[in-house]
Amino acid sequence: MAEHEEKHEESLFEKISEKIKGDSSSSSSDSDDDKPSESSMKAKVFRLFGREKPVHHVLGGGKQADIFLWRNKKVSAGALSVATVIWVLFELFEYHLLTLVCHLLILALALLFLWSNASTFIHKSPPRIPEVQIPKDPVLEFAQALRFEINRALAVLREIASGRDIKKFLSVIAGLWVLSIVGNWCNFLTLLYIVFVLLHTVPVLYEKYEDKVDPFAEKAWHEINKQYAVFDAKVLSKIPRGPLKEKKKD
């Protein structure tokens, strides 16, 4: 009887241990099942402008992105300093571009002319003036890139004017209206300088604090979509569509 009771206790102990192992394995499998859901939640994190790449790739990569993101601080500071000097010359000192170019050419030609004539008296070699020519390939590449961008802008304007996308039409109209207001506050050169300064400050600050900026941007984006849905239901849905829209439906 004692042996039978010991065997019964051992079998009962084995059942309990197996049950504990089964519960632990099921809990571990449940935790493993939760892991992909957490990773999927992380993958669905809202990013500003719907981007899926780093800020460096969004800015085009290469040297221009390095300058905007201050990868090379000397080059970025030099570019910003040159832009500031140009803005100060033309805006604060009211210097004109043609006047500046003429004065620089007068100064350079006078120095080279005096140096070339004085070299015979001071027994030194005359200055070596390099032969400067504009290369053909970079000019053609720039012209092709400019042509491509202009054609793409014209295609976008044509698509907007055709009445196919009311949301894009309203966004472009709003952007042009804001740009016209800014144009009343400052001239074109000041506007370019402001854009240049923003390109040197906003991307690097966003890259540094993107985890804090993106949640606020997500809330703002949801609110904008909500207001647009209300505006679409009350106003835009009552506007008759153009012939292109009807043809597309047929």
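User: Where is the place of V235, in a helix or in a loop?

Analyst: V235 is placed in the loop between α9 and α10 (243-249), helices being DSSP runs of H or I with at least four residues, numbered from the N terminus. This is a predicted model, in which local features need pLDDT of at least 70 and side-chain atom pairs pLDDT 80 or more, while totals for chains, interfaces and linings use all residues. Residues are numbered from 1 along each chain as its sequence is written, and side-chain values use heavy atoms, without hydrogens and water.

User: Which residues make the nonpolar surface patch?

Analyst: F169, L170, I173, L176, L179, F231 and V235 make a patch of about 580 Å² (residues over 30% relative accessible area, without a salt bridge, nonpolar side chains joined within 5 Å and like charges within 9 Å; Shrake-Rupley areas, 1.4 Å probe). Helix α7 (residues 166-185) gives the most to this patch, with 5 residues.

User: At what angle do α8 and α9 pack?

Analyst: Helix α8 (residues 188-208) and helix α9 (residues 210-234) pack at about 95°, their axes 5 Å apart (lines fitted to C-alpha atoms over the stretch in contact, with angles from 0 to 180 degrees between N-to-C directions). The two helices, α8 and α9, are therefore roughly perpendicular (65 to 115 degrees). Y206, E207 and K208 of α8 meet E210, V213 and D214 of α9 in this contact (heavy atoms within 4.5 Å).

User: How many salt bridges are found in the whole structure?

Analyst: Side chains of opposite charge can pair when their charged atoms come close. The search finds 4 salt bridges (Lys or Arg side-chain nitrogen within 4 Å of an Asp or Glu carboxyl oxygen).

Note on methods. Angles under 35 degrees count as roughly parallel, over 145 as roughly antiparallel, 65 to 115 as roughly perpendicular and the rest as oblique.
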